[in-house]
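Biologist: I would like to learn how to read a model like this one. Please take me through it feature by feature.

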Amino acid sequence: MSFRVDPAASDYRWTEFRDVEAWAEGASDAIVAALAHAVQERGGARLLLSGGGTPAPVYRALPDAVLDWSKVRVGLVDERASDAAEASNALLVRETLLRDGARAAVLEPLHPVPGDPPPQPGADLVAEADARHRAADAPPLVAVFGMGDDGHTASLFPHGPDLADALDAEAHFVRTDASAIAGARGWPRRITLTPAGWRHAAARILLLRGDGKRRLFGRALESGDVAELPVRALFAGDTPLHVYWCP
Ligand SMILES: O=C1O[C@H](COP(=O)(O)O)[C@@H](O)[C@H](O)[C@H]1O
């Protein structure tokens, strides 16, 4: 693996809140501010969101903001290939974010969503996501990440068999296989944004909740192997990583 990052030298910002409500408001304000800036400066924005159990309160707060959502394309940082609705990060985003004015945003699929019509035969959704992401006219990217209790971020898992390839990839989206990883037992087949894909993002936000994740992030700040804690890969980027935490 040639991917290297030095957490000790990383530029990150940490903001903490007393409770979930304040955290959801603070983090959603930051996301909307980054989107509004991109819309004003470049006429549009892309918002890539993560799934999991953490971010729902933040996503629910987003539509309350005054923003021209018709200029915002919403996609996913990663997706789990599964027929089970509760596994789908896209469904989480649809159910939390797409209300009121935010319904005007366009949701970019990363994987067939349970209940949706299947994609055209032969369609390669990873290649399509990659091409969309690399398009010369793609608007500025605002990317929102999470971190699992095992230190994974996006669908980059500790000591995953394809982790090194994903970290080193020129591709901005790749498939990963999490079947060997205990925490991902339910949804082994994944599609994920890579460091190449988030490196040039206009804004990168990491949403964390709980003392366990705070401690784990503290460990990630110590120098060490990215394969042990893939969240360390987020320290590679052109812009600082903004971390929003609450108990
Ligand atoms: O599997 C995933 O997990 C991470 C972390 O989720 P959480 O439940 O610990 O909040 C998430 O960021 C990622 O998008 C998701 O696919």
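Biologist: Which residues of H1 are buried?

Modeller: First, the ground rules. This is a predicted model, in which local features need pLDDT of at least 70 and side-chain atom pairs count only at pLDDT 80 or more, while totals for chains, interfaces and linings use all residues. Residues are numbered from 1 along each chain as its sequence is written. Helices (H or I, at least four residues) and strands (E, at least two) are DSSP runs, numbered from the N terminus. A residue is buried if 20 or more other C-beta atoms lie within 10 Å of its own, exposed if 12 or fewer, and partly exposed in between, with C-beta atoms placed from the backbone. In H1, the buried residues are Trp23, Ala24, Ala27, Ser28, Ile31, Val32, Ala34, Leu35 and Ala38.

Biologist: What do the buried residues of H1 pack against?

Modeller: Contact means that two C-beta atoms, placed from the backbone, lie within 7 Å. The buried residues of H1 pack against E2, E3, E6, E9, E10 and helix H2.

Biologist: Where does E6 lie, and is it enclosed or open?

Modeller: Strand E6 covers residues 141–145, and five of the five are buried, so it is largely enclosed by the rest of the structure. Leu141, Ala143 and Phe145 are buried on one side, Val142 and Val144 on the other.

Biologist: How many bridges join E6 to E9?

Modeller: Two strands pair if DSSP finds at least two bridges between them. E6 and E9 run parallel and are joined by four bridges, with Phe145 opposite Leu206. E2 also runs parallel to E6, through three bridges, and there Leu47 has Val142 as its bridge partner.

Biologist: Which residues have the most contacts inside the largest nonpolar core?

Modeller: In soluble globular proteins, nonpolar side chains tend to be buried together. A nonpolar core is a set of buried Ala, Val, Leu, Ile, Met, Phe, Trp, Tyr and Cys residues joined through C-beta atoms within 7 Å. The largest one here has 67 residues, and Leu35 and Val142 have the most contacts inside it. Helix H1 gives the largest share of this core, eight residues. Beyond four places in sequence, Val142 is in contact with residues including Ile31, Leu35, Leu47 and Ala203.

Biologist: Why does Gly160 count as buried?

Modeller: Gly160 counts as buried because it has 23 C-beta neighbours inside 10 Å. Gly160 is in the loop between E6 and helix H5, and touches Thr176, Ala178 and Ile181, leaving out residues up to four places away in sequence.
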